[in-house]
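I opened the model to go through its helices, sheet, cores and ring pairs. These are my notes, in the order in which I looked things up.

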Amino acid sequence: MNEVKSPKKPLLYYYFVAMLLVMLFNFIAMPWLAEHQIKEVDYNTFVTMTEQGEVGRVEIQEQSNRILFTSSDEKTVYKTAMVPDDGLVQRLLDAGVSTTGEEIEQTSTLVSILAWVLPIIIFVALGQYMSRKMMEKMGGGGNSMMFNMGKSNAKVYVKSAEGIKFDDVAGEDEAKENLTEVVNYLHDPSKYQEIGASMPKGILLVGPPGTGKTMLAKAVAGEANVPFFSMSGSEFVEMFVGMGASKVRDLFKQAKEKAPCIVFIDEIDAIGKKRDNQLSSNDEREQTLNQLLVEMDGFGSNEGVIVMAATNRADILDNALLRPGRFDRQVYVGLPDIRGREAILKIHAKDKQLAEDVDLNSIAKGTPGFAGADLENLMNEAALLAVRRRHRFINMEDVDEAILKVQMGPEKKSRKMSEKARRLTAYHESGHAVAAHYLPHVDPVHYITIIPRGMAGGFTLMRPQEDLENFKSQSEMFENIVMALGGRMAEKLFLDDISTGASGDIHQATSIARDMVTRYGMSDRLGPISFDS
């Protein structure tokens with residue numbers, strides 16, 4: 001169970017706590033300090049000092065059975081125990097000692113100063129602490145935070161022979177080919193300038209999450225052996241209006257000083273969304289975007305600063321960002337195919353202890369739709385399973401289990417199912433498997449289970465023999481509907497009843513049928529007309 005964090009306290013709360021601490025100090029610590037500042041003498045010394053005129057004021061505390069008195073200059077406070085002395089009052093009068101008026105201060109000068117200064121110190125310290133915490137939440141720390149506001153704080157990866165290279169990025173051959181021109185330009189810009197060619201000012205990497213867009217940008221910097229400035233789009237957005245634009249200016253100032261170099265902005269959609277001219281729009285984000293547009297427009301063709309950015313939401317970016325002169329080139333970084341997945345698996349399997357039965361090509365075939373990050377996670381899950389099972393090497397069984405865990409979730413072996421539920425699930429999944437076996441356009445059955453995983457009480461897994469295509473035929477879509485309804489038909493034929501277990505299958509079949517009619521024009525009655533809207 002996740003721990004519930006308490007809500008943040010208002011600033012007034014902390015000042016109230018500070019006030020209580022000061023009051024406690026005055027009530028507890030001050031009397032203790034005062035007591036230790038009073039000099040104790042015997043009664044005879046008190047009498048002698050009185051007779052010699054060295055006593056200033058006297059306070060007789062009968063309840064405490066003691067006498068407090070000050071020196072004649074009232075810089076020192078003394079105390080002594082009371083003894084029976086009938087002539088004390090007269091002796092004090094004869095010596096001209098005052099026994100009336102204000103009570104003798106029980107604190108020395110040092111204690112008095114502390115009583116005034118300590119609360120001020122506490123409040124100043126509390127103010128410094130709170131301001132430092134606020135600055136840290138706005139993107140920095142330390143006493144110099146006020147001076148660092150508006151600084152880009154970009155992560156700089158300087159020239160290094162050990163940086164990421166194109167060989168470290170697999171499965172994106174076309175993207176690497178597009179970016180090779182950038183590397184060649186940074187190596188030798190003169191040959192491009194001689195013929196009158198100039199590099200694009202900006203390159204936008206577009207693609208699904210986890211496909212390696214950030215790694216590609218680092219690989220370009222590593223191949224070109226130039227400085228690489230990296231920032232996330234969300235790091236530009238500040239609490240104060242104008243700070244994001246200041247960070248943009250500072251980032252490009254640093255980049256120009258270290259040209260040739262690469263400026264990389266990850267998740268640029270955080271600041272690059274389309275402007276809507278609404279009153280409720282984010283002024284800080286729009287000012288940051290405007291400053292970015294100005295900086296990219298101000299580049300000369302030979303300044304040697306190339307801007308790269310990554311996003312998986314190119315459709316929401318402002319048109320001004322995508323026009324020629326800003327992000328001139330878009331490079332699509334898509335999901336890898338079988339060969340790409342196999343190449344990615346080889347990279348992530350380098351430091352893994354694999355058994356002889358592990359076939360990376362078979363794993364690549366069984367993971368359609370997996371991005372590079374998914375494959376990295378898959379190999380790590382397989383390694384964790386191997387350790388849990390006390391295997392010396394990662395075998396194919398560990399990898400298959402990891403694939404199922406990533407796709408469907410972990411097995412729920414502890415969940416007890418009744419015999420009726422097990423029988424129903426078995427017939428239902430068998431219906432899917434038999435239908436898939438006899439349908440030529442459906443992928444072959446790879447795995448069947450009635451052990452619950454994730455949200456499913458059981459499932460049938462098909463493993464495609466080829467990569468998923470961007471298009472499907474009418475026959476393929478129709479057979480997918482038949483296969484989806486195979487479980488429901490098996491329940492009706494063998495159990496003479498139906499259950500709610502087919503709700504997901506019915507939803508899937510309905511979605512396919514609706515798309516066939518309204519989007520793809522596959523209805524003989526309605527014809528090739530789009531009803532998608």
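Entry 1: I take buried as under 20% relative accessible area, exposed as over 50%, and partly exposed as in between, with a 1.4 Å probe and protein chains only. Helices (H or I, at least four residues) and strands (E, at least two) are DSSP runs, numbered from the N terminus. The model is predicted, so I kept to the limits that local features need pLDDT of at least 70 and side-chain atom pairs count only at pLDDT 80 or more, while totals for chains, interfaces and linings use all residues. Residues are numbered from 1 along each chain as its sequence is written, and side-chain values use heavy atoms, with hydrogens and water left out.

I listed the buried residues of helix α12 (residues 338-348) and found Ile 338, Gly 340, Arg 341, Glu 342, Ile 344 and Leu 345. Their cover includes α13 (360-365) and α14 (372-388); contact here means heavy atoms within 4.5 Å.

**Entry 2: confidence.** pLDDT is the predictor's confidence in each residue, from 0 to 100. I read a mean of 78 for the protein, with 78% of its residues at 70 or more. Residues 1-7 stay under 50, and the model gives them 0 contacts beyond four places in sequence. Residues 139-147 are also below 50, but this stretch has 9 contacts beyond near neighbours in sequence.

**Entry 3: helix α15.** I checked the length of α15 (residues 396-408). The helix has 13 residues and reaches 18 Å from its first C-alpha to its last, close to the 18 Å expected at 1.5 Å a residue; the expected span is 1.5 Å times one less than the number of residues. Its buried residues are Met 396, Asp 398, Val 399, Glu 401, Ala 402, Ile 403 and Leu 404. Among the elements that cover them are α13, α14, β11 (445-449) and β12 (459-462).

Is Glu 401 buried or exposed? At 16% relative accessibility, Glu 401 counts as buried. Leaving out residues up to four places away in sequence, I found Glu 401 touching Leu 385, Arg 389, Glu 411 and Arg 453.

Entry 4: I counted two strands as paired if DSSP finds at least two bridges between them. The sheet is open, has 4 strands in the order β1-β4-β3-β2, and its pairing is mixed. β1 (39-40) and β2 are the edge strands, each pairing on one side only. β1 runs parallel to β4 (residues 77-81), joined by 2 bridges, and Lys 39 stands opposite Tyr 78 in β4.

**Entry 5: nonpolar cores.** A nonpolar core is a set of buried Ala, Val, Leu, Ile, Met, Phe, Trp, Tyr and Cys residues joined through side-chain atoms within 4.5 Å. The largest has 27 residues, of which Leu 179, Leu 205 and Met 308 touch the most other members. α6 (173-187), β6 (202-206), α8 (213-224), β8 (261-266) and β9 (305-311) each supply at least two residues of this core. Apart from that core lies another, of 26 residues, including Val 305, Ala 320, Leu 321 and Phe 327.

I followed Val 305 to Ala 259: the two are 46 residues apart in sequence and 5.8 Å apart in space, C-alpha to C-alpha. Ala 259 sits in the loop between α9 (243-257) and β8 and is partly exposed, with a relative accessible area of 29%.

**Entry 6: aromatic pairs.** Rings of Phe, Tyr and Trp (its six-membered ring) pair if their centres lie within 6.5 Å; planes under 30 degrees apart count as stacked, over 60 as edge-to-face and the rest as tilted. I found 4 such pairs. Tyr 185 and Tyr 192 are edge-to-face, at 5.7 Å centre to centre and 70° between the planes, and both are buried.

Why does the pair of Tyr 427 and Phe 494 count as stacked? The ring centres are 5.3 Å apart and the planes are at 15°, so the pair is stacked. The pair links distant parts of the chain, 67 residues apart: Tyr 427 is in α16 (residues 419-438) and Phe 494 in α18 (residues 486-495). Tyr 427 is partly exposed at 26% relative accessibility, whereas Phe 494 is exposed at 55%.
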